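Welcome! Let's take a walk through this structure together, one step after another.

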Amino acid sequence: MVRAKALAVFAVIFFAVSAAHAADAPAEIKIGTLYASSGNYAGVSMAQYQGLRIWLDQKNAEGGVMVKPFNKKIPLKLVSYDDQSNTATAATLYNQLITQDKVDILLADFGSVLTSVAVPIARDHQMLLIDQTGSGAAFFTKDNPYIVLTSLPMSSVWPKHMTDFLVKEGPKLGIKRVALLYATNDFHGTQAAAVRDAIKASNGAVELVYDNGVPTNTSSYTVTINNIQATNPDAVLELGYVNNDIAFLRNLQDGGIKFKWLFTIYPGLETEVVEKNVGPKGMEQVFTYVPSSVMEYKPEFGMSLSQFRTTWNSKYPDGKVEFGFNSVAGYTTGLVLEKALATTDSMAQLALRKAILGQSGKLKTIDGTFEILAETGAQVGEVQPLGQISLDEHGEVKFVTVYPPELATGKPVYPAK
Amino acid sequence: MLAYAILAGLIFGLYFSLVGLGLNLVFGVMRIVNLAHGDVLMLGAFAAFWLFKLFGLHPVLSIFAVFAVFVAVGWPLYYLVVPRLLRAKDPEMLSIIFFFGLSQVIVALASIAFGSSERSIPGRVLGSGPYQILGQSFPAAWVVTGGVSALAVAFVYLYLYRTRLGYVTRAVMVHREEALATGIDVHRVSAIAFGIGLALSGIAGVFAPFMLGSVTPAMGVDINITSFAVIVVGSLGNPLGTVLGGIAYGISLMFMQTYFSSWANLLPYLLLITILLVRPSGLLGRKVRSA
């Protein structure tokens, strides 16, 4: 009898709590973000935004995402504004998302430049910044718990395989003299610093013979290329955004110049747009990162690369925004959020952070293994191997992964012919 | 490296003379500031891109199409806009506001129409292999662009100094009201100059994919800043001063890229500050007043 009473009381309490939870559940989860439909980062920002939209639309078609604190599926509402690649506009709009729209989750726009203004704003408002692709190492400090990097590693980690190859394999190939050219922003500056450190640690196995920065909006490299050539380098690293890489590769091609070993970032990250502007010949034998938009990982959560690619093509058939790594990055952000909402104890910002950190080392998506540093929120997984572009028998671009050895699919061609 | 930087600066400067020429012609004749100048250039670039992509039209041939279309658009646009601006108390300020708005509209429409990604035309279209100039090697696209820019400058010189229309255009540049009093059809002369100004910007756009790496709908802002630096250095209102301003900019940029590359984007502002402090009327400032 006592047992039956206790059971009845428990049942009443359980249903009351459940009902209270259901009543508390919001009608929607508001996700706030920015995108750039114009300006220097438009192409890549839109790719990231459209990748995120694919995830969001899929989830809403399924009735929303499971939100653990409310134990039910809740639809997602995207509140988004166009910052036009302008940091001042972005700062105003990030504030608006937090204070006026009162979003539940704040996502940064593409890249380090447009994310840099969000970092202090989010911190001041004690709002967790879901940093999608802003990988500047300076964003991640032990005293700021209000940031996590979801879709790519922090920029000091990016060049790991490339620098390892240069200092370990390079001398065996005859690479000694290295020229380093980088765009002066957080993303490329951090990578340049990592390259410098690796070369310094090589104890003279390789040496820097050219080390200069150029503004991120640089569009003409003819004189710079001539200056690099004058240093007679064995290897050249050009670290820039897509506009920089296109201009650099076009200037090389137009000048009939071929460096023996050339590394640039965006032939790998945004292959389609670079190919449209430079052509396959201009990309041949260029070394680059092999990103998740090219390399088929085996995801345990979310779509595979080929499924995602098919979805992208059917959703965006006009081709105005090219498919590339940033498309995958936007989609990956969605997957990380989905997991976090399904496991968080509450919708409090630091609880969300804890839930995201809880996925570290466990979440395997289209973008590789998600791995995050608990102290700083910086991503150290999803590291991209070094590849070299070659042309197949039809003259089409294909990637050969050359480093690390366990991922290699072929040998590097050196010197480039 | 020094010789290469000077020669590259000359070629690049010739191109930027062309970039600034249209803006300065419009300012010189109408005293209005066309803040949509960079966007007109962008439209010229996309016109060349689509003409090449859809019809395989060589960029040098697309110059003529761009010239004709932009003059045809510029002429009525003048009658629609400029007389109203000139009737205002402060036409220069009003023109800045108007053309800023127009610039935003053009960028938005172009983004919708063309997408926001980079677009370009293969450099080999303007010639294969680099050319040797005084022992230095330059891309064929640069040499052809430099040559076309020089021809465009010569065209403007002939138009202004060797035709009757040019004489009356210069009269309007010197004093609009006096020109009107002497019976010159100021509006007709200005409309032609406005059309030619836009067409010159459009032609500069045709070569933008070769000189600026790639083109996007948002490229106009940077072009505007550089163009203003070029025409202020050369002399506001004096189209031929633009040539000097362009070359000064080109050579300075190449020196900056060679010796202080990280600071190269400060160059337009440094040039503006320097010229405003040292010679506010520009390098050819005196000539414009006695033209």
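A helix here is a DSSP run of H or I that is at least four residues long, and helices are numbered from the N terminus. Side chains of opposite charge can pair when their charged atoms come close. In this predicted model, Glu169(A) and Lys172(A) do form a salt bridge, with 3.5 Å between the closest N and O atoms. Glu169(A) is partly exposed, at a relative accessible area of 25%, while Lys172(A) is exposed, at 66%.

Another pair in chain A is Glu62(A) and Lys59(A), whose closest N and O atoms are 3.0 Å apart in a salt bridge. Are these two partners buried or exposed? Glu62(A) is partly exposed, with a relative accessible area of 43%. Lys59(A) has a relative accessibility of 10%, so it counts as buried, the cut-off being under 20%.

Now step back and view chain A as a whole. It is divided into domain 1, made of 26–154 and 296–369, and domain 2, made of 160–295 and 385–403. The centres of these two domains of chain A, taken over C-alpha atoms, are separated by 29 Å. Where they meet, 24 residues of domain 1 of chain A are in contact with 19 residues of domain 2 of chain A. Together the two domains of chain A bury about 1,800 Å² between them, and 56% of that is on carbon and sulfur atoms. On the domain 1 side, Tyr297(A), Glu322(A) and Phe325(A) lose the most area to domain 2 of chain A, together 28% of what that side buries.

What holds charged and polar groups across this interface? The rule finds two salt bridges between domain 1 and domain 2 of chain A, and eight residue pairs in polar contact. The elements that give two or more residues to the domain 1 side are α4 (111–116), α13 (305–315) and α14 (325–343) of chain A. By class, that side of domain 1 of chain A has twelve nonpolar, eight polar and four charged residues.

Lys276(A) forms a salt bridge with Glu322(A), with the closest N and O atoms 2.9 Å apart. Glu322(A) also meets Arg119(B) in a salt bridge, at 3.0 Å from N to O. Glu322(A) lies in the loop between α13 and α14 of chain A, and Arg119(B) in the loop between α4 (91–114) and β1 (131–133) of chain B, so this pair joins two chains. Glu322(A) is buried, with a relative accessible area of 3%, and Arg119(B) counts as buried too, at 8% relative accessibility. Elsewhere, salt bridges that share partners join Arg53(A), Asp57(A) and Lys315(A) into one network. Over all chains, the structure holds 15 salt bridges.

Let's finish in chain B. Thr182(B) lies in the loop between α7 (176–181) and α8 (186–206) of chain B. Thr182(B) counts as exposed because its relative accessibility is 62%, and the cut-off for exposed is over 50%. Thr182(B) and Ala171(B) are eleven residues apart in sequence, and their C-alpha atoms are 9.9 Å apart in space.

Methods:
Residues numbered from 1 in each chain as written. Chains lettered and ligands numbered in written order. Predicted model: local features only at pLDDT ≥ 70, side-chain atom pairs only at ≥ 80, totals over all residues. Heavy atoms only, no water. Buried < 20%, exposed > 50% of the residue type's maximum accessible area, 1.4 Å probe, protein only. Domains from an automatic or database assignment. Contact = heavy atoms within 4.5 Å. Buried area = accessible area lost by both parts, 1.4 Å probe. Salt bridge = Lys/Arg side-chain N within 4 Å of Asp/Glu carboxyl O. Polar contact = N/O pair within 3.5 Å; in protein donor to acceptor, adjacent residues only side chain to side chain. Nonpolar A, V, L, I, M, F, W, Y, C, P; charged D, E, K, R; others polar.
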